[in-house]
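Colleague: I'm new to this one. Could you walk me through reading a few of its features?

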Amino acid sequence: MPPAPPHTLTHATAALPPGALPAQPVLVARPELVVCDECDAVHGRIRLARGHVARCRRCGALLGRSHVVTTAGQLAFALAALVFLLIGNLSPLVALDLQGIRISVTLPHAISLTWRIGQPLVAMLATATALVFPAALILLRLYVLGFLVAGQVPPRFRFAMRALRWCTYWSMVEVFMLSALVSMVRSAGVADLVPGVGMFGYAALTLLLTSITASGLHGMWKRGSELGAG
Ligand SMILES: [Zn+2]
């Protein structure tokens with residue numbers, strides 16, 4: 001994580017002294033507080049000026065970022081991400097032209113082929129990081145944001161938010177995109193590879209997920225606590 005500009009550090013208040021708060025979910029019950037995802041330090045919530053970020057004073061992790069996207073806007077982003085994920089998996093990823101034979105493969109087909117040629121570990125990693133975790137991340141965001149936009153706290157809100165944080169760590173569509181592009185460049189002299197609609201779907205998904213995860217989860221925690229999550 002890149003270091004924050006020095007002036008942004010002034011926007012995070014000092015960590016509260018240990019023992020000043022109960023050990024159990026202070027953030028959910030106390031919307032005026034922010035708990036660091038990385039080290040659990042507790043900070044007072046402040047309003048950030050546009051373009052500023054707040055970082056933990058103990059470990060430097062991102063606490064929050066000022067942005068103009070509302071909860072409803074985040075829901076729209078998540079819906080768009082779901083559409084691009086479906087396009088990325090249902091449409092051909094690449095078209096391969098090898099000595100006159102043209103083959104189109106989707107991502108699930110490519111993963112299946114990878115498994116069958118004796119690379120199960122690669123196939124499982126690709127499935128997890130490019131398919132399962134991005135899908136879980138998007139569906140969890142749709143679930144939580146759908147309820148929040150409707151003015152309700154979703155059932156099992158805290159569990160869903162923790163699962164969302166975990167999925168964010170393991171969703172690596174940008175690594176997948178980079179690997180796919182490198183593979184295409186390296187295959188240029190052997191076969192004629194043409195990116196398909198699925199590849200463009202994943203490119204758009206990469207941009208969307210980067211934008212979605214950059215804002216962090218604290219806005220959703222705050223909205224949930226304002227609606228009475230406890
Ligand atoms: Zn921290």
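Colleague: Is Asp40 buried, partly exposed or exposed, and why?

Modeller: The idea is to count neighbours: a residue is buried if 20 or more other C-beta atoms lie within 10 Å of its own, exposed if 12 or fewer, and partly exposed in between, with C-beta atoms placed from the backbone. Asp40 has 14 C-beta neighbours inside 10 Å, so it counts as partly exposed. Keep in mind that this is a predicted model: local features need pLDDT of at least 70, side-chain atom pairs count only at pLDDT 80 or more, and totals for chains, interfaces and linings use all residues. Residues are numbered from 1 along each chain as its sequence is written.

Colleague: Where does Asp40 lie?

Modeller: Helices (H or I, at least four residues) and strands (E, at least two) are DSSP runs, numbered from the N terminus. Asp40 lies in the loop between β1 (33-35) and β2 (42-44). Its phi is near 70°, a positive value in a residue other than glycine.

Colleague: And what about Arg156, buried or exposed?

Modeller: Arg156 is exposed, because 12 other C-beta atoms lie within 10 Å. You'll find Arg156 in the loop between α4 (120-149) and α5 (157-170). Although Arg156 is not a glycine, it has a positive phi of about 55°.

Colleague: On to the strands. What is the order of the open sheet of three strands?

Modeller: Start with pairing: two strands pair if DSSP finds at least two bridges between them. Here the order is β6-β5-β7, with antiparallel pairing. The edge strands, β6 (101-105) and β7 (192-195), each pair on one side only.

Colleague: How many bridges join β5 to β6, and how many join β5 to β7?

Modeller: Five bridges join β5 (residues 94-98) to β6, and four join β5 to β7. Leu96 stands opposite Ile103 in β6, and its bridge partner in β7 is Leu193. Asp97, for its part, stands opposite Arg102 in β6.

Colleague: Which residue takes a positive phi in the hairpin of β5 and β6?

Modeller: That's Gln99, with phi near 50°, in a hairpin that has two residues between the strands.
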